[in-house]
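Please read this note with the structure open beside you, and find each residue in the model as it comes up in the points below.

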Amino acid sequence: MESYEYLYAASTVIYIITSIIVVIASILLHNKVKSTATILVLIGSISAFIFNLGDIFLSLIAGRYDVETYIQINAIANIVSGIAYGMFCVGLLLFVVNDLKKGES
């Protein structure tokens, strides 16, 4: 059986780099336009980045337990990450709907 650890490692590195870029873009956006929407975008992107890093470490720790515990920890981490991404998405939607109209007029 072939080992695919290098693929998982590469995808983790790519994911972390792109998450950092999203956080930087969110910081720049919030510095240019201070609104509730950009605050949500910023908080959502930072919390998603933190939770995803935590998910990597939790997976390493949870791997020591039985399969059921590992699945339960993964499910909870996915829910928390989904909430963070949801916050980012709501902020982005609010920004597009409300703040871009202000800039056009």
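**Notes on a predicted model**

1. In this predicted model, the largest pocket has a lining of 13 residues, and those that lie nearest its centre are Tyr8, Ser11, Thr12, Asp55 and Ile56. Two elements, α1 (5–32) and α2 (36–62), each give two or more residues to that lining, and the largest share, 7 residues, comes from α2.

2. The volume of the largest pocket is about 300 Å³.

3. Which residues of α2 are buried? They are Ala37, Thr38, Val41, Leu42, Gly44, Ser45, Ser47, Ala48, Asn52, Asp55 and Ala62; Asp55 is also among the residues that lie nearest the centre of the largest pocket.

4. Gly91 belongs to helix α3, which covers residues 67–104. Because its relative accessible area is 0%, and buried means under 20%, Gly91 counts as buried.

5. Leaving aside residues up to four places away in sequence, Gly91 touches Ala37, Leu40 and Val41, and of these Ala37 and Val41 are among the buried residues of α2. Gly91 and Ser45 are 46 residues apart in sequence, while their C-alpha atoms are 9.9 Å apart in space.

Note on methods
Residues numbered from 1 in each chain as written. Predicted model: local features only at pLDDT ≥ 70, side-chain atom pairs only at ≥ 80, totals over all residues. Heavy atoms only, no water. 1 Å grid on protein atoms, 1.4 Å probe; cavity = no way out; pocket = protein on both sides within 12 Å on 5 of 7 lines; lining within 4 Å. Points joined across faces, edges and corners; volume = space filled by probe spheres on them. Helix = DSSP H or I, 4+ residues; strand = E, 2+ residues; numbered from the N terminus. Buried < 20%, exposed > 50% of the residue type's maximum accessible area, 1.4 Å probe, protein only. Contact = heavy atoms within 4.5 Å.
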